[in-house]
Amino acid sequence: MANIRQDIHDALSCIKNGHTVMVGGFGLVGAPLTLIDGLTKKDVKDLTIISNNLGESGKGLGILLNQNKIKKAIGSYFTSNRDVGEKYQKGEIELQLLPQGTLAESMRAGGAGIGGYYTTTGVGTQLAEGKEEREINGIKYIFEPAIRADVALIRAYKADRLGNLSYYKTARNFNPVMATAANMVIVEVDEIVEPGELSPEEIITPHLYVDYIVEAQQVLTKEGVVNK
Amino acid sequence: MSTREKTIVDKKEIQHLIAKRAAKELEGPCIVNLGIGIPTLVAEYIHDENVFLHTENGLLGVTDVEEQDMDPNLVNAGKLPVGEAIGASYFNSADSFAMIRGGHIDVAILGVLQVDQTGVIANWAVPGKNIMGVGGAMDLLVGAKKVILAMTHTNKDGSRKILKECTYPITSTRSVDKIITELAIFEVVNKTLRLVELMPGVTIEEVREKTEADFIDSLGDV
């Protein structure tokens with residue numbers, strides 16, 4: 001059962017130096033903007049961030065990047081933030097690039113108790129270098145290990161007080177998968193409702209995955225990120 | 001109009017010419033994934049209600065959207081605002097890529113940096129520059145039943161993109177099925193390029209001049 005936290009700093013207290021943190025979102029869409037903002041105000045360093053992108057320049061995870069709190073990033077598309085390239089050139093950040101489907105599936109495996117899996121994606125490319133190759137029924141695959149994190153910061157639309165979650169349109173993306181693959185899962189939502197208000201069919205993430213809930217203070221609008 | 005403005009208009013016209021021709025390849029019922037750039041424009045020319053657009057960030061049933069209905073939380077893989085078609089569904093990223101890798105996407109229309117004469121493409125990294133993003137390109141190459149390229153025939157500076165061999169890192173060992181440019185259409189059969197169609201007003205000599213790859217002239221074949 002989940003705990004509701006009013007104070008963002010308090011909700012993020014489980015994040016320690018050197019932790020691996022998953023952060024939901026596809027760009028800023030579906031990113032836990034309030035929790036990311038909280039992380040930028042927290043005294044923490046040497047984080048490994050697992051996220052599809054590192055925000056945009058000076059936005060979302062881009063702020064954390066500019067604060068030099070990220071030691072390593074694992075993702076599929078850092079191109080959306082030009083600062084990542086500069087940091088990488090200066091040797092200030094380590095990057096691990098994975099095909100987007102591999103990134104998602106590795107989390108799924110991590111959350112499902114699977115140690116790793118074989119995939120055709122990336123076979124014969126630079127991204128397969130150093131990875132075990134295996135032929136199954138005449139088709140070449142490479143091995144990809146599962147990914148897990150110490151903490152996942154995710155964004156959902158509504159949560160009930162138990163921690164059941166529903167999502168909104170394409171803001172769902174990586175969030176439900178990350179909810180399964182971390183030791184501690186913190187979610188920010190637009191609205192917290194009573195159990196029973198979300199129908200069992202609309203619940204995408206059952207409450208057993210969720211540890212802490214906070215209400216979003218920052219939201220993505222047509223005009224960009226604004227305080228609620 | 002200045003020369004620069006004229007160049008921009010021409011560039012846009014060429015992109016739309018390619019997109020419009022690529023749209024003709026889509027016959028419903030089919031599930032289609034459109035890449036970033038020219039492929040995204042293909043959507044404007046699809047009028048078959050049984051062509052369903054899939055986007056890897058988690059939506060089957062992508063449609064266009066009017067300015068006033070734009071929702072910042074409803075975007076395509078290029079992070080551009082889109083609409084939700086009747087019968088649309090949302091799913092998470094792992095499911096979305098299971099659809100792609102699992103062979104449930106009929107056609108992927110993609111852009112490229114280079115394609116070689118066996119139909120192998122490079123579209124995610126440039127040597128000497130930081131390798132910063134791959135996105136869903138590699139997954140689509142291994143998973144889509146049919147891959148069509150929608151690309152300009154040459155680079156902005158006139159250098160060639162349809163090459164004997166890719167000089168950039170390849171995206172997959174799989175060959176694409178078709179190449180559509182503003183000049184011509186090639187089919188890839190048994191790792192060989194076949195020129196099957198010239199765009200209106202284009203000569204085979206122009207295509208030869210702007211193509212480094214070897215290809216078979218199959219224009220007369222029915």
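The model I am reading is a predicted one.

I picked out one bridge of this pair: Arg155(A) has Glu188(A) as its bridge partner in S12(A). I then looked for another neighbour of S9(A). Strand S2 (residues 20-23) of chain A is joined to S9(A) by three bridges, and these strands run parallel. Here I noted that Met22(A) has Ala152(A) as its bridge partner in S9(A).

Next I checked burial. Of the seven residues of S9(A), which spans residues 149-155, six are buried, so the strand is largely enclosed by the rest of the structure. I counted a residue as buried if 20 or more other C-beta atoms lie within 10 Å of its own.

I asked myself how many of the eight residues of helix H2 (residues 33-40) of chain A are buried. The count is six, and I wrote the helix down as mostly covered. The buried residues in H2(A) are Leu33(A), Thr34(A), Leu35(A), Ile36(A), Gly38(A) and Leu39(A).

I moved on to an open sheet in chain A. It has three strands in the order S6-S8-S7, with antiparallel pairing. Why is one side of S6(A) and of S7(A) left without a neighbour in the sheet? Strand S6 (116-119) and strand S7 (133-136) of chain A stand at the edges and have a single partner strand each, so one side of each has no neighbour there. From one strand to the next, I read an average twist of 40°.

S6(A) pairs with strand S8 (residues 139-145) of chain A over four bridges, in the antiparallel sense. One entry for this pair is Gly116(A), whose bridge partner in S8(A) is Pro145(A). Helix H5 (residues 100-111) of chain A packs on the sheet and touches S6 and S8 of chain A. I noted that the direction of H5(A) makes about 150° with that of S6(A).

Last, I looked up where the chains meet. I found 40 residues of chain A in contact with 33 residues of chain B. On the side of chain A that touches chain B, at least two residues each come from helix H4 (82-89), H5, helix H6 (175-178) and strand S15 (218-221) of chain A. H5(A) gives the most to this side, with six residues. I sorted the residues of that side of chain A into 18 nonpolar, 17 polar and five charged.

Conventions:
Residues are numbered from 1 along each chain as its sequence is written. Chains are lettered from A and ligands numbered from 1 in the order in which they are written. This is a predicted model: local features need pLDDT of at least 70, side-chain atom pairs count only at pLDDT 80 or more; totals for chains, interfaces and linings use all residues. Two strands pair if DSSP finds at least two bridges between them. Axes are lines fitted to C-alpha atoms, for helices over the stretch in contact, and angles run from 0 to 180 degrees between N-to-C directions. Two residues are in contact if their C-beta atoms, placed from the backbone, lie within 7 Å. Ala, Val, Leu, Ile, Met, Phe, Trp, Tyr, Cys and Pro count as nonpolar, Asp, Glu, Lys and Arg as charged, and the others, Gly among them, as polar. A residue is buried if 20 or more other C-beta atoms lie within 10 Å of its own, exposed if 12 or fewer, and partly exposed in between; C-beta atoms are placed from the backbone.
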